[in-house]
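User: Could you walk me through how to read the strands, the chain contacts and the core in a model like this one?

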2 protein chains.
Amino acid sequence: MSTKSPVSQLPPSERTRVKRLPARAAYERATIDAILDEALVCHVGFTLDGQPFVIPTAYARVDDGLLVHGSAASRMLRGLAAGLPVCVTVTLVDGLVLARSAFHQSMNYRSVVILGVATLVSEPDEKLRALEAIVDHLIPGRWAEVRPPNEKELKATSVLRLSLAEASAKIRTGGPLDDEEDMSLPCWAGVLPLRVMASAPIAEPGLACGLPFPAAVTHWGVDRNRIGL
Amino acid sequence: MSTKSPVSQLPPSERTRVKRLPARAAYERATIDAILDEALVCHVGFTLDGQPFVIPTAYARVDDGLLVHGSAASRMLRGLAAGLPVCVTVTLVDGLVLARSAFHQSMNYRSVVILGVATLVSEPDEKLRALEAIVDHLIPGRWAEVRPPNEKELKATSVLRLSLAEASAKIRTGGPLDDEEDMSLPCWAGVLPLRVMASAPIAEPGLACGLPFPAAVTHWGVDRNRIGL
């Protein structure tokens, strides 16, 4: 979602202030939003009976909230709706950093950590808009192409919203940070950039003849990839 | 790491048994190992003062253990070394699944969830082998090309091992699972495959002239990508 937020900078709370390598921290909403809008899955952390669980799931950002959905019967959704503290983390891996020493091998990445307590989105129109955002986060415009959820499907689905009030980003960019005394080692050093790319879409067998690739897929390809449609 | 494990099938514990969509669950060690060996980062979940945290980090699998490393001073490493329950999750996104209804939009993915308590790897040779595995997990053979860690670097680094005894995988493959009554909707349906790909390596400025791309990077390109070196 490209919705602009009125909040441009989040003051870090004691919990979201980045403690390891604080120079990599970012608290600007534009930075946080860009990472959330680019990634495909988030990892949701919650604790049950003292045991943490980390579950990957789809999501969307709308304004200053992160939205996740799932089966109304799921342990995770029920726990979060009941007010369990949650941590949602989103990570983009941008490259491998090849340094001249083992110690300085690294990765370029952009990550966001959000802490808080989620709330159930139960108002029918708000819930529908949230589901639209989650579908369109992966494939912009897809919602308009498909059959919307019916009563039964809506009932089987829970949607949760987590405020971005306690969010922070951590970013590493650039080449290796080698020690001065390693600079002359006869060892290649630099960055191997990585990105998520799409390959040619695989149409369902039995798809009615002549149905075009959806605008949605083309859009994804053009904006987020080099799929070359 | 391609090390074979003698354990071929893990009986799911009550905690690792996949409860949502159990048909997607897998408990075979070969399946779990393949996912762990392919992904680049894991998400480590732990709880401090009732608040879960989920932190992305590099790792490696060796035999039936997952290894992570970090600053000896880090909150996460110290907490885990002290015996906090942990959940490590690894996720590969393989594609977007475009169904004919909003409800059935999905993703193809392979994920592993590991529960347990980590232990500090303190025996010097074992610790060095663990660091080698973490470096070589990202870029096979890189360890042999770079300066090994010195005393000071080893002291500043902690390594933790988490047993794979309580691990489970969850996998979705294939096309959309549309409802029978949606089959005739005039809507493209299928899968947009996604993968992580590398682009051309970026050498450090000042790199000695004539140093070749490392065998390590070439290897990564050939085996895991279409970098075309």
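User: Let's start with strand pairing: how many bridges join strand E5 of chain A to strand E9 of chain A?

Analyst: The general idea is that strands of a sheet pair through backbone hydrogen bonds, either parallel or antiparallel. This is a predicted model, and here E5(A), residues 65–71, is joined to E9(A), residues 157–163, by seven bridges, with the two running antiparallel. If you want a spot to look at, find Leu67(A), which sits opposite Arg161(A) in E9(A).

User: And what is the order of the strands in that open sheet?

Analyst: Read across it and you get E4-E5-E9-E8 in chain A, four strands with antiparallel pairing. Strand E4 (60–62) and strand E8 (119–120) of chain A each have a single partner strand, so each is an edge with one side lacking a neighbour in the sheet.

User: Which helix packs on the sheet?

Analyst: That's H3 of chain A, residues 124–138, which touches E4, E5 and E9 of chain A. The direction of H3(A) makes about 95 degrees with that of E5(A).

User: Which strands pair with E10 of chain A?

Analyst: Two to look for are E1(A) and E7(A). Strand E1 (residues 25–26) pairs with E10 (residues 167–172) in the antiparallel sense over two bridges, and Ala25(A) stands opposite Lys170(A) there. E7(A) is joined to E10(A) by six bridges, also antiparallel; Val112(A) faces Ala169(A) in that pairing.

User: Which strand of chain B pairs with E11(A)?

Analyst: It's E12(B), residues 202–203, antiparallel over two bridges. Gly190(A) has Ala203(B) as its bridge partner.

User: Last one: which residues touch the most other members of the largest nonpolar core?

Analyst: As background, in soluble globular proteins, nonpolar side chains tend to be buried together. In this model the largest nonpolar core has 120 residues, and Ile114(A) and Ile114(B) touch the most other members. Setting aside neighbours within four places in sequence, the contacts of Ile114(A) include Leu66(A), Cys87(A), Val88(A), Leu162(A) and Leu164(A). Glu166(A) and Ala167(A) are also in contact with Ile114(A).

Methods
Residues are numbered from 1 along each chain as its sequence is written. Chains are lettered from A and ligands numbered from 1 in the order in which they are written. This is a predicted model: local features need pLDDT of at least 70, side-chain atom pairs count only at pLDDT 80 or more; totals for chains, interfaces and linings use all residues. Two strands pair if DSSP finds at least two bridges between them. Two residues are in contact if their C-beta atoms, placed from the backbone, lie within 7 Å. Axes are lines fitted to C-alpha atoms, for helices over the stretch in contact, and angles run from 0 to 180 degrees between N-to-C directions. A nonpolar core is a set of buried Ala, Val, Leu, Ile, Met, Phe, Trp, Tyr and Cys residues joined through C-beta atoms within 7 Å. A residue is buried if 20 or more other C-beta atoms lie within 10 Å of its own, exposed if 12 or fewer, and partly exposed in between; C-beta atoms are placed from the backbone.
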